[in-house]
Amino acid sequence: MNPLSVVVRTICDIFTWFIGIFGIYIIIHGHMTPGGGFQGGAVVATMMAFLLVSHGGKKTLSFAKPGLYTAMETIGLLVFIGAGLFGITTTFFFNFLAGQGGVFGATVPIGPNSGVLNSAGTISIMNMAVGLEVIGGLSLIILYMFKGIRLFDNAAESGETGHDR
Amino acid sequence: MNWQIHLPALVLAIPLLGAFASPIAGLGGRTVRNGWMAFISITTTAVCLLLLQKVLVDGTAVYVMGAENWNFTLPSGLSWPIRIILQVDAFSAFMAAVGSIAALAGAFFSLSYMDKFTGLEKFSALYFLLVTGMLGMQLTGDLFNFFVFLEIASVASFGLIAFWRDRPEAVEASFKYMIISTLSAMFILIAIGFLYGRYNAVNIAAVARMLHMGYAEKIALVFLVVSLTMKSGAVPMHMWTPDAYAEAPAGVTCLLVGVSQASLYGLFRVCFSLYGSSLGSPVIPWTIIVMGVLSMFIGVTMAVIQKEIKRLMAYHSVSQIGYILLALGVGLLALRDPQAMADYGFTAMKGGIFHIINYTMYKGLLFLTAGALYYSAGSRNLNELGGLARVMPYTTLMFVIAAAAIAGIPPFNGFVSKLLIYQSTFAVYPLLAVVALVTSVLTLASFVKVFQTAFLGPAKSKFAKVTEVPGSMLIGMSILTVVIIVLTLFPTWTLAHLVEPAAKALVDQAGYISAVMGGGL
């Protein structure tokens, strides 16, 4: 895929930052507004699609390394199951941080209010973990689909590669 | 007692942790990765067996995820459960133990079998996700979570079946399985939607307590029965089975046999515990019986003519699923009549449930021996194989044990469960028992054919360099062989201590409901 015109590239350079921030907003406010880890992660992962379309494969693949996204995916999954396992002294997935004070455990006042951001305990940790996992996973899917296009272009010479060592 | 209450959650948490940490274990090289895979599968099996033992002693276990207390099923004054509840009765625990043993054998077998390929940390992650999906389907007390775990298991199987992605057949098999699985998962979701719309609940016990047969419930039942028999590979919907079982790596096929049992578990959980006494007319039991008879006969007749060893065995799994459907269909038919239940229904259910463990063990072992043949001789075609008993004595011995068990030759465990099925189905309609007997004879015929062509006969020059398979593959196969021999030697003990509690739990719909709903408001 070749780079598009300078207009498209400039717009995309600016716009990807907004997409990233919007996605992170959705992840962090997962327990208060519609959306959550998956939805926000999917929004952030569209950054990768934007960059691939506007800047072309050569430039994007030079900094987007699959190992980085695999690491994000794995860390997200491990944090998620770790947050579940930490509660097992009560029950599995018990929200042991809620109502305990601190960053994640603020108490919510009774009565009408506009919501307290840091009140969800392990739920917001899990939202962030899922968000990290989905950013990694969907970016990897986009990268591999892009590599699949190239594979299709020169399929005549190389053919499909298997897992043989 | 203290930590044992967490066993239902640990059964799911341990393989999930195993799957998520596999990429990290893969960084440590071959030894760490293999050690991690062995450690997680041994721990999962141990936890499943402990859970079975606990359930058999203490009765049905419930576990409320994320609640202040593990048995907090009806939180403060509500009349129906709102949280994610795991409900493990003797039948669930039995199925989980069976599935985890198959997973253990498949994992050990895969250590050497997959050794010459790359991408193994992904393989082990998908393998444990499949184990989680299977165990989750068997332990959950919630219809929607059943759907979620079914999807986890399906998605993991797509990747595993197409693991040899440079083989077009494997990609085709995976694609076919993907369409069938997605279709049946959507059917299940529609059915759950119908029930949720009627009763505002997705907990099986809560829905079962309120259930009155009407149009919505009938539609939901039809969707559930069709999709779950489709997932377990009964005859009109069996076309994915030969492709998927033949093309998946052998260790995965062994696990897929266990996973198809999870769909069967869902079918019987829906029929017995969700609908149970309100099932009314005998249409659904007879549908299951007819599907079972067709699966038995068509599966085995298709198997006899196959030339590829794993396809042959895959058609046999269609036919063996038929036995289980037949037996439990007869049990369902007798459900509303205590006299019929005492006469033949309960025997049929015992036979069917005993056949579930027998089938998983010997069919898993047969797929593993087929994988061992493929690993050593490099061919799955019966026309090319021959004379391998000389060079692969242990594999041959284990194949003979498994083949004798599946054919129902008297001392082996397959005979016991088949005998129970013959006796009880004869009381319903003699033709059913006749079809079952003919199927058994044809099964014997086709395995004599496999044994004779692959293992006996003159040594072929191109197999001169073939040797016995490596140690970990032998360990994987011997786990299943040992279970088969134990079941063969102690059928009465097994029937009394494992199978009968499971059958009783399945029949006892009121007990299943009261474990969550606390016996009324």
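Author: B:His6 sits in the segment before helix H1 (7-27) of chain B. The model is a predicted one, and in it B:His6 is buried, with a relative accessible area of 9%; the cut-off for buried is under 20%. A polar atom of the B:His6 side chain lies 3.1 Å from the backbone oxygen of A:Ile88. Leaving aside neighbours within four places in sequence, B:His6 is in contact with A:Ile88, A:Thr89, A:Thr90 and A:Thr91, and also with B:Tyr63.

That residue leads to the interface between the two chains. Here 26 residues of chain B are in contact with 18 residues of chain A. Between them, chain B and chain A bury about 2,100 Å², 65% of it on carbon and sulfur atoms. On the side of chain B that touches chain A, H1 and strand E1 (61-64) of chain B each supply at least two residues. The largest share of that side, 9 residues, comes from H1(B). By type, the residues of that side divide into 16 nonpolar, 5 polar and 5 charged.

Salt bridges do occur elsewhere, and the count over all chains comes to 13. One of them joins B:Arg269 and B:Asp89, with the closest N and O atoms 2.7 Å apart. B:Arg269 lies in helix H10 (residues 250-275) of chain B and B:Asp89 in the loop between strand E2 (85-88) and helix H3 (90-113), so the pair ties together parts that are 180 residues apart in sequence. Both B:Arg269 and B:Asp89 are buried.

A salt bridge also links B:Arg167 to B:Glu247, where the closest N and O atoms are 3.1 Å apart. B:Arg167 is in the loop between helix H5 (143-161) and helix H6 (168-199) of chain B, while B:Glu247 is in helix H9 (residues 240-247), 80 residues apart. B:Arg167 is partly exposed, with a relative accessible area of 24%, whereas B:Glu247 counts as buried at 7% relative accessibility.

B:Arg198 and B:Glu217 form a further salt bridge, their closest N and O atoms being 3.0 Å apart. This pair links helix H6 of chain B, which holds B:Arg198, with helix H8 (residues 215-232), which holds B:Glu217, 19 residues apart. B:Arg198 is partly exposed at 48% relative accessibility, and B:Glu217 is buried with a relative accessible area of 0%. Salt bridges that share partners join B:Arg167, B:Glu169, B:Glu247, B:Glu308 and B:Arg380 into one network.

As for cysteines, a search of the whole structure finds 0 disulfides over all chains. For B:Cys48, the closest cysteine sulfur is in B:Cys254, 15 Å away, and so too far for a bond. B:Cys48 counts as buried, at 1% relative accessibility. A:Cys12 is buried as well, with a relative accessible area of 7%.

Lastly, a residue in another helix. B:Ile479 is found in helix H17 (residues 471-489) of chain B. Not counting residues up to four places away in sequence, B:Ile479 touches B:Ile101, B:Leu104, B:Ala105 and B:Phe108. From B:Ile479 to B:Gly511 the separation is 32 residues in sequence and 34 Å in space, C-alpha to C-alpha.

Notes. Residues are numbered from 1 along each chain as its sequence is written. Chains are lettered from A and ligands numbered from 1 in the order in which they are written. This is a predicted model: local features need pLDDT of at least 70, side-chain atom pairs count only at pLDDT 80 or more; totals for chains, interfaces and linings use all residues. Side-chain values use heavy atoms; hydrogens and water are left out. Helices (H or I, at least four residues) and strands (E, at least two) are DSSP runs, numbered from the N terminus. Buried means under 20% relative accessible area, exposed over 50%, partly exposed in between (1.4 Å probe, protein chains only). A polar contact is a pair of N or O atoms within 3.5 Å; within protein, one must be able to donate a hydrogen and the other to accept it, and residues adjacent in sequence count only if both atoms are side-chain atoms. Contact means heavy atoms within 4.5 Å. A disulfide is a pair of cysteine sulfur atoms within 2.5 Å. Buried area is the accessible area (1.4 Å probe) that two parts lose on being put together, summed over both. Ala, Val, Leu, Ile, Met, Phe, Trp, Tyr, Cys and Pro count as nonpolar, Asp, Glu, Lys and Arg as charged, and the others, Gly among them, as polar. A salt bridge is a side-chain nitrogen of Lys or Arg within 4 Å of a carboxyl oxygen of Asp or Glu.
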